[in-house]
Amino acid sequence: MKIFFLFTFSTFFWSPFEQAAASVHYDKILTHSRIRARDQGQNVCALQQVMGTKKKYFSTCRNWYQGAICGKKATVLYECCPGYMKMDGMRGCPAVAPIDHVYGTLGIVGATSTQHYSDISKLRGELEGRGSFTFFAPSSEAWEQLNSEIHRNLIDNVNIELYSALHHHMVNKRMLTKDLKNGMTLVSMYNDQKLLINHYPNGVVTVNCARVIYGNQIATNGVVHVIDRVLTAVGNTIQDFIEVEDDLSSLRAAAITSDVLDILGKPGHYTLFAPTNEAFERLPRGLLERIMGDKVASEALVKFHILNTLQCSEAITGGAAYETLEGNTVEVGCDGESLTVNGVKMVKRKDIVTSNGVIHLIDEVLIPDSAKQVTELGGAQQTTFTDLMIQLGLASSLRPEGQYTLLVPLNGAFSDDTLRMDQRRLKTILQNHIINVKVGLNELYNGQELETIGGKLLRVFLYRTAVCIENSCMVRGSKEGRNGFIHILRQIINPAEKTLHEMLRNDKRFSVFLSLVKAADLDDVLSQPGKWTLFVPTNDAFKGLTDDDKDILIRDKNALRNILLYHLTQGVFIGSGFEPGVTNILKTIQGGKLYLKTVNDTLLINELKSRESDLMATNGVIHVIDKLLYPADLPVGNDQLLTILKKLIKYIQIKFVRGSAFKEIPLTFYKPIIKTYTKIIDGRPVEVTEKKVTEERIIQGPEIKYTRITAGGSDNEEKLKKLLEDEVTKVTKFIEGDGHLLEDEEIKRLLQGAPVRKEQPTRRTQGGTARRRTRLAYP
């Protein structure tokens, strides 16, 4: 009867606590552990034990499915969940552990050393008596790991030292894990000493950085939590520790210089990764002197070692990024028993607990980007550029107090031929990757021009998922240093030198195409300022074209213009600026649509491979193809023309509709205007005649206004300059078309002239309406 009553009482007593705990991290993780072990019977929990150690964890999903903790393989164990026990001959853990006073409960949870020390220190009577206590009980292994000298002193003076030490592990009220809130401070029963509680999202609960390894064992006069180390008294702040620790004198000097030391004396929950004197000595002397001589840099350096959260080593079971007081993040992880910072084992001593946080001693100094010169920001993939900067004397020319932006190509962008160039030419190339102003990634906008220290103007092109500067697009990894930004690029930048027309004229591969352009009176379009993308067929695309065929084409100017202007789109579109694998629909000047996408770094136009892409011109970009493009939905009504086109175009079926004619395409999309005005030169009126180029583009659609951009003329330039200085103008540019992403089969049908199925969902390729668009923000 007595056993039955005890079983019933303990079940009734535990259930409310268990239900109330369901909303906190420790108990959630415990619930998951029960679910994973449900096949083992009721009230069984699955744990992970790190191989080669006695460490066991109720694991997060991440650790569980990785089968590892701190990078070390972990085996699965099945044990009774806290508060339950096995019964002979029965599966699982069907019985509730008996409830006893705190002293007796120490034996139930296996904290036999703590129970023994409670007995010999005369604490037993208190633990068996009336009250409501929380006992953070060190496991037997924790006592074995305690410093031998401290352990001996406790045993030699059990009535005072040991008794006080055990009281330091007690709180004079019952606190379940659900009550142990992250960042809370409890008052122990020894001299009101503080106990710092942390309750982490991965379910780990710590008290003064000791981990609760078995929690919520209810007693008649309280609760017992088993912890993995013996607690020591905490009194000093982090500032106090730094001021008296000889091995941190260099850090102390840096913290005083930067006015950060006082912060570490204030209440809070900090984590300090404290570099030792030896760590500072390993820094290059010039680097350390420069940082210490710059208050902004030294403050950034010290704050980069401080987290505004308390991270005990036992709570770290995998890598995670934590924000520092400097503003950037550090990656804190673990490798077996060792803590790592940014992937490097550098922690010499961990978990020095203070009243306002925890200190981990490290043997390397962490230098944030904000304390580095712009030339020091390059990583392992940018060493070729940074080494060349030093060799060619460019690095030394950048002043610490200056403002710069480095456009740094990846190592692979530098071919052997490039590296064998004359040094003067190589220096010129590098100078065109250095901007004499500090420009962050979020300050770049489409159409922006950046002047290099070599005197070249570089254009910025903004796309849906890419930012490109001339022919080269950025990769992730932009950084801000003390005196500038660094942006990582895929290729070496090739600033444009010639117009589209000049590039065609200077390359024999394009002689046939250029002759047709001239015959169609389109030379001026490709010669004057503008923003164009031109898909240029090589002479190979015209194999089989006789002089007679060419004469027939030239005589039908409407047909010729339709064909040629299908190769021209408004706007500059860099091949590597397209999102890989995604179809982009561009409307040509002819009116038809081109379907572009990149696959394995190759640009496809209507499924035809570009043989060479991103040839930059001052008024656009050229993509080279070896086939003539033709809109599949455009019918031919002339037998002779059909025969000619079939000679040249074999990858699609050209439609024939007898009597159909090509529409006339006037050059109103681009027309030169002659402007005459009087200008005062040296005090005398002089009549000046100037050709002004106007590009007008009307974009239809609901709630969309057209944009007119006018260039040329000194008056207009002054007005434009004033406008840009006075206000922010946003110009939105659209690429007309359906704008939805197409599957490969659908593209093939479109190229054959088949209609698009209307039920296909529309997807935005550039934001906004079903049109792709690029926002241009002019400051």
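How many residues lie between strand 17 and strand 18 in their hairpin? Two, and Gly336 in that turn has a positive phi of about 65°.

Hi everyone, a quick word on the model first. It is predicted, so local features need pLDDT of at least 70 and side-chain atom pairs count only at pLDDT 80 or more, while totals for chains, interfaces and linings use all residues. Residues are numbered from 1 along each chain as its sequence is written, and side-chain values use heavy atoms, with hydrogens and water left out.

Now the whole chain. There are 26 helices and 40 strands; these are DSSP runs numbered from the N terminus, helices being H or I with at least four residues and strands E with at least two. Of the 779 residues, 50% count as buried, meaning under 20% relative accessible area with a 1.4 Å probe, protein chains only. Among contacts (heavy atoms within 4.5 Å) between residues at least 6 apart in sequence, 63% join residues at least 24 apart.

Strands 17 and 18 (residues 338-341) run antiparallel, joined by four bridges; two strands pair if DSSP finds at least two bridges between them. Cys334 has Leu339 in strand 18 as its bridge partner.

Seven strands form an open sheet with mixed pairing, in the order 30-29-35-34-33-32-31. Strand 30 (568-570) and strand 31 (584-587) are at the edges with a single partner strand each, so one side of each has no neighbour in the sheet. Inside this sheet, strand 32 (residues 593-599) and strand 33 (residues 602-605) pair antiparallel over four bridges, and Lys597 has Leu604 in strand 33 as its bridge partner.

Last stop, a single residue. Where is Thr452? In the loop between strand 24 (449-451) and strand 25 (457-462). Thr452 is buried, with a relative accessible area of 4%. Its side chain reaches the backbone nitrogen of Gly454 at 3.1 Å. Leaving aside residues up to four places away in sequence, Thr452 touches Gln431, Asn432, Ile434, Ile435 and Leu458.

Notes: Polar contact = N/O pair within 3.5 Å; in protein donor to acceptor, adjacent residues only side chain to side chain.
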